[in-house]
Amino acid sequence: SKWEIKRCQYCGSRGTHLACSSMKSWEQNWECVECRRRCSKRKKRALATSEKTNGTTCLLEEPPPKSPRQSSGSPCNFLLQSPKITCQNLSPCSHLELSASNRVTMSLSPVMSNRNWSLMQKHLREQRREVCNILKELKVQVKTKATRLNINAENIWSNALKGFRQRNFSPTNTIEVNFSNGKNRSKTSTSAASKHRFFQLLMLHLQNSSLFEGSYGKNLALDFQAVKENLYFEAGKMIAVSLVHGGPAPGFFSKTLFDCLVYGPENVKPVLEDVADVDVAQTIQMIKYANSLSSLQSTLQDCCEFLAAAGCLRPVTALCDKNMLVNDILIYHVIKRIALPLESFRQGLKTLGVLEKMQMHPDAFTSILCHKPERLSAETICDLFTIHSSSDVNKVEGADFWMGYLQDVESGESVVTLEDILLFVTGSCYIPSIGFDPEPTIKFLHIRYPIGKRLLNCLELPITKTYQQFKNKMEFTIRNTLRVERE
């Protein structure tokens, strides 16, 4: 991916995106400005020494700061990478800082790159399987007694808030959802499909709401009206209920927010990327990159009101004081400023014991709260379903047709998508963090067209003589069934 992070081969403390550095995909090593300057000085000293010694070249004048590290060679190194890591040498990433002539390059095997990507995906899958088992343990609390929520998709937040706050609502009750179009109430629908859709819309709304700020990894925002209405608590409660009742995980938490929830805000050190406010981020950058005491003091004078409000206004007598000042500003803006919303949000996440499990299994929960779910693939769908067939059915040939069709869908050689197939069978276009209950199955029967039994998560497939017949029947049925539902 063009957003792969390349760390400095010497210090390792700075990095750049593959795209931002103008590097080629097969190039492996990259060096930051500071290390490049140090290397350049050593080369000059080495050249001067060689001239003094009548042309004798001194190849080992002085070793580099550290041995060059292979940024993609170690599987462990790759697994520890996080989407939170961004270019730290300049902000935003600059092409001017990364001229091709100043880079040390090394060929990178595509096989190694793919291997590392596969290792990361395998690691996330293992963590998500662990989360799945943990959530199933929590689901034991859910009773058969039902609570019904009447939802209008256009007012998803207000309807959800009203439903969660009604007197008879309990997180331990089974949730049934009825959707209406706002004018005429729809027919009663207690299927899992409605519940899946409800939680999906709810998580999407929360992601884009005023309760959170940031682009990819989001932190809590300070919304005084939301604090007054106790909405942070409700948001945490909704997320906990979604996880245990088979809805999607948020997938948009920043690592800083997650660590505050799990380890406590006093044990977390925020970074510049956690600051969503452009003006505040610019102020911090000006302080951080001040190259003289006079420029630092001038910057502090310009933003003295902001520093006073943050409790960070103090005399600065040395340039090195800027580091502690930057750290104090980050802690205030990202953590201390939102102390009330954070505590309220934490209380909401305690619903059904979710926060306690997060604190017991942080690595596992990071995979679903800080990462979006893996995109559906033919392999994922194939592994999801268990194939059953009667003794008079050729299971092997039917399975071949099924797997061949999934590959065609994944490659775009079909009018339906993998999400359509999953929706047709289960009523959900995503795989819940808790998994499906019951687990999806496939049966090959002597029927004319495929049938999706959503209450059982069962896909009944027709037996055909040729693959083309199988494909035609699948596409005709799935496309028309979903079209009628959407209309």
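Which residues does Phe253 touch, not counting residues up to four places away in sequence?

1. Phe253 touches Phe212, Gly217, Lys218, Ile239, Leu261, Phe345, Leu369 and Cys370, leaving aside residues up to four places away in sequence. Contact here means heavy atoms within 4.5 Å.

2. A note on the basis. This is a predicted model, in which local features need pLDDT of at least 70 and side-chain atom pairs count only at pLDDT 80 or more, while totals for chains, interfaces and linings use all residues. Residues are numbered from 1 along each chain as its sequence is written, and side-chain values use heavy atoms, without hydrogens and water.

3. The largest nonpolar core has 78 residues. Such a core is a set of buried Ala, Val, Leu, Ile, Met, Phe, Trp, Tyr and Cys residues joined through side-chain atoms within 4.5 Å. Buried means under 20% relative accessible area, exposed over 50%, partly exposed in between (1.4 Å probe, protein chains only). Phe253 is among the residues with the most contacts inside this core, as are Phe198 and Met358.

4. Helix α7 (residues 231-244) gives the most to this core: nine residues. Helices are DSSP runs of H or I with at least four residues, strands runs of E with at least two, numbered from the N terminus. Domain 2 (120-267 + 343-370) and domain 3 (272-338) both give residues to the core, so it lies between them. The domain bounds come from an automatic or database assignment.

5. Leu202 sits in helix α5 (residues 192-207). Leu202 counts as buried because its relative accessibility is 0%. Leu202 touches Ile156, Trp157, Ala160 and Met238, again without residues up to four places away in sequence.
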